[in-house]
Structure formats: structure tokens, C-alpha cells
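I opened the notebook to record what I looked up, one entry at a time.

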Amino acid sequence: MSTTRFLTGITPSGTPHLGNYAGMMRPAIAATRTPGVENFYFLADYHALIKCQEPERVHRSTLEIAASWLAAGLDPERVTFYRQSDIPEIPELTWFLTCVTGKGLLNRAHAYKAVQDKNAEAGREADDGVSAGLFMYPVLMAADILMFNAHQVPVGRDQIQHIEMARDIAASFNHLYGDHFALPEAAIEDNVATLLGLDGRKMSKSYDNTIPLFCAPAQLRKLIGSVVTDSRMPGEPKEVEGSALFQLYQAFATPEETAAMRRAYADGIAWGEAKQMLFQCVDREIAPMRARYDDLMAHPEKVEVTLQAGAERARAIARPFLQTLRTAVGLRSLSSAAAPTRAAPKADKAELPVFKQYREADGKFYFKLLTADGRLLLQSAGFAAPREAGQAIARLQREAGALQALAHHLVPVAGVSSDDVAAALRVLAASADSGS
Ligand code: TRP
């Protein structure tokens, strides 16, 4: 597959604010205009149930978030935009993955451990208040990603571990059942704005210091008026460093406007005037979107039609892929022709790469990996004993599945492409437990 597939989920809990917009939505929408990439953006409403058990809120937030993305310029022609719960293949895949996921892996999830630590501090039982849904969260998330064989997953830093777990889970499945899943990577965008909120701390729902993205203009003006400033008087020079006001301005202004504001700070602009300029600057960008948002909120059926069309596109991929996976794990029609004798896909012997062990004049023991037609793929360093070389070979065979992810970061010997190495590891992984 030549195009890179990006996929990300947005949990519909709560109302989007300016920080979500500048830090996540705006760059994600801009990214959909990059040629040569395919984008899958979805509303993670199954995930929302883990945190939020108020049905009206889940429902309302799903509409608000979908309408916000559409109003902010997400083009459903360019992006496969859907709601997780419209794809029944996702929970089915979640189960397949659950069965190849070590419980220990989930025990190590930061989000789960954080709750356990809190419980320990408070002298409660370790799993107090932990639902099995919270515990399983990383598996559901892996299913979201693997269902569409996404390569790149744009997420915040707090989600990196979940992407790593998705890779581990994918590698386990591939190891058992054949090479079905691409191994995803987290795509971390480092130079996007994290906005400060009304009180000067990071803008976040949990600090209750946010400015909603689509509040009415009067409300926007009022909230901007309440952003913290220091007590410097008009005419006194002001610091841009650490100023929530300046930082918000910068996120919506052109570079020239930002430079002018920087000078105005040095020249002692009055806070009231700076706030007025900030309001105008934010409203200039938001006003046209707000009109679209209000229209969508008044006509939820338009949003529904868009999501259904997205689900159809997503299922056109998910449905046949899940059928392949069902077959792979052994869930097959009994009336189909004679069952294959082996459950595990068996690599064609003829194409298996071979290991050759030998001893050099330096007295050490070496091995190489050759393609079936004799081309050199890997060359070991020297081992003191033949047993050590043998163990290294066994380990390579055992871990080839996981190593596939690394293949493109390894530098193969001259004349071998990293695709050759990837192919060799794939074949090795598939043959590892075929008993040969
Ligand atoms: N867990 C993500 C968050 O809270 C949302 C999410 C769910 C997600 N499934 C995903 C993100 C799959 C990326 C890929 O931010």
C-alpha cells in the first residue's frame, strides 16, 4: 500500500473549547489537505461510555463534537468521518484482540495504574471504582486502529503508550494468525499551540477555565474579558512571556499582527484594549464557522446523514476485512469445502529463508540468514560458543513478529533492501510455530 493512512478518534464527552480547536482540530483538518494520505477520523462513542454514564450527555456531546468538526472545515469527502458505534466490526475485533492480549500488558497501562495509585493513597482497595471497561480501554483502542490498518495515529503524548500497546497486540495476532495488521505508530505534533485558560493554567475542562469554541459572541467577549492579567496600568510595559492573553492572540493572529501586539505590550497597551483586539481576532476566525455550527445544531439530521455516509465507507473496508480475520482465527462456515488441515498459515517451504551456521578462522561462531535463492539478508557478529549462536537464531525466529516493526529502521547489509528484510522477518514469523 503506497498511501499512508492516518486515523484518530475523538471521545465525545463535553463541549469543544478554543484549546481543543487550536491544539487539535485545526491542525488535524489542515493535515487532511496533504496529498498522498488517507484520513479516518471518528467519534469514539464506545470510549465515551467508560467515563460518562449519562445517556443525554453522550448523545448531546456526539452531536456537538460532530457538528464542531464539520463546521470547522472537516470535509467528509476527503476524510472518512464516522461514529465508532456504527461499525459493529469494531467490537467483534475487540474480542479477537482481547484473546491475544496478556492481562499483564493491560495491568501496566498508565491510565489504569494512575487510578490504582490514587486508590492506594486514599487507602482504598486497588481496583476500587475501576470498571472492566476502563481496564479494556487499550484493547478497544487497538481495534479502532487495526480495523483500518492505520499507519500513523495522531494523538497527544498521553496516548503514546496506547499506540505502543496496539502495536504489541497487532504483533501477537500476526504471530499467531499470519500477517494481517500493519503496525501503527503514534504521530506526535510537537509545534502546536497548547492554550492557556481563563485562570492562566492550561486550558482544560478539568480546570473549568475554558472558552467554548462556539459560544455566542457576547459570551465570547465576556469570557475574554475575564482572562487573568496582572495589575499593570495602561502605559506600563507588559510581559508577553506567560501572558494567557498574548498566547491566545498569537494562536489566532497573523505573524504580523502578533509582532504588532508584542510591540504594543512593550509600549504599555491597556489590558482592556488588548482584550478587545483579542476578541476581534478570535471572532474573525470563528464567526463563519459559528454560523455553520448553529445550522448543524438546528438540523441534527444533516449530521446524521454525513455520519451514515462515513460509516458506509468505513464498513466497506471493515466488513470484508473482518471476514478475513474470522476465517483466520477459525470461525468459519461448516458447510464450506474440506477444512484446511492446519490452522496456522504455513509459509511456502520454497521461499523460506535459511540460517547457515559456521566457524571463522578467528575461532568464533557465526550465522547468516540467506534467502532461498542464496542472497545474504543478515550477518551475525561472532559468538564464543555454537550454543550462543543457536540461541540467537531461536530468539530471532521467536521474535521475528515483533521485529517486523523495526525492519525499516534496521540497516541491512549492502545490496539488500529493507523490504527484503521485512519480507524475511514476515516469513520467519509465520513459520515460527509451524513446527518445521
Ligand atoms: N483514547 C483517545 C483519547 O482519549 C481517543 C481514541 C479512541 C483514539 N480510539 C482511538 C485515538 C484510536 C486514536 C486512535 O484521546
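Which residues does Met289 touch, not counting residues up to four places away in sequence? I looked this up first. The model is a predicted one.

Entry on Met289. I found that Met289 touches Tyr21, Ala71, Ala72 and Phe214, with residues up to four places away in sequence left out. I located Met289 in helix H12, which covers residues 271–298. I then looked up the distance to Ala71: the two C-alpha atoms are 5.1 Å apart in space, while the residues are 218 apart in sequence. I noted a relative accessibility of 7% for Met289. Buried means under 20%, so Met289 counts as buried.

Entry on the ligand shell. I read that 14 residues surround the ligand, and that the closest are Gly9, Tyr137, Met141, Asp144 and Gln159. I sorted the shell by type and got 8 nonpolar, 5 polar and 1 charged. I checked which elements supply at least two shell residues each, and strand S1 (4–10) and helix H7 (132–146) both do. H7 gives the most, with 4 residues.

Entry on polar atoms at the ligand. In Tyr137, a side-chain N or O atom is 2.4 Å from a nitrogen atom of the ligand. In Asp144, a polar side-chain atom lies 2.7 Å from a ligand nitrogen. In Gln159, the distance from a side-chain N or O atom to a nitrogen atom of the ligand is 3.2 Å. I also noted the cover: on its own the ligand has 370 Å² of accessible area, and the protein covers 87% of that.

Definitions and conventions: Residues numbered from 1 in each chain as written. Predicted model: local features only at pLDDT ≥ 70, side-chain atom pairs only at ≥ 80, totals over all residues. Heavy atoms only, no water. Near = heavy atom within 4 Å. Polar contact = N/O pair within 3.5 Å; in protein donor to acceptor, adjacent residues only side chain to side chain. Areas by Shrake-Rupley, 256 points an atom, 1.4 Å probe, with all protein chains shown as cover. Nonpolar A, V, L, I, M, F, W, Y, C, P; charged D, E, K, R; others polar. Buried < 20%, exposed > 50% of the residue type's maximum accessible area, 1.4 Å probe, protein only. Contact = heavy atoms within 4.5 Å.
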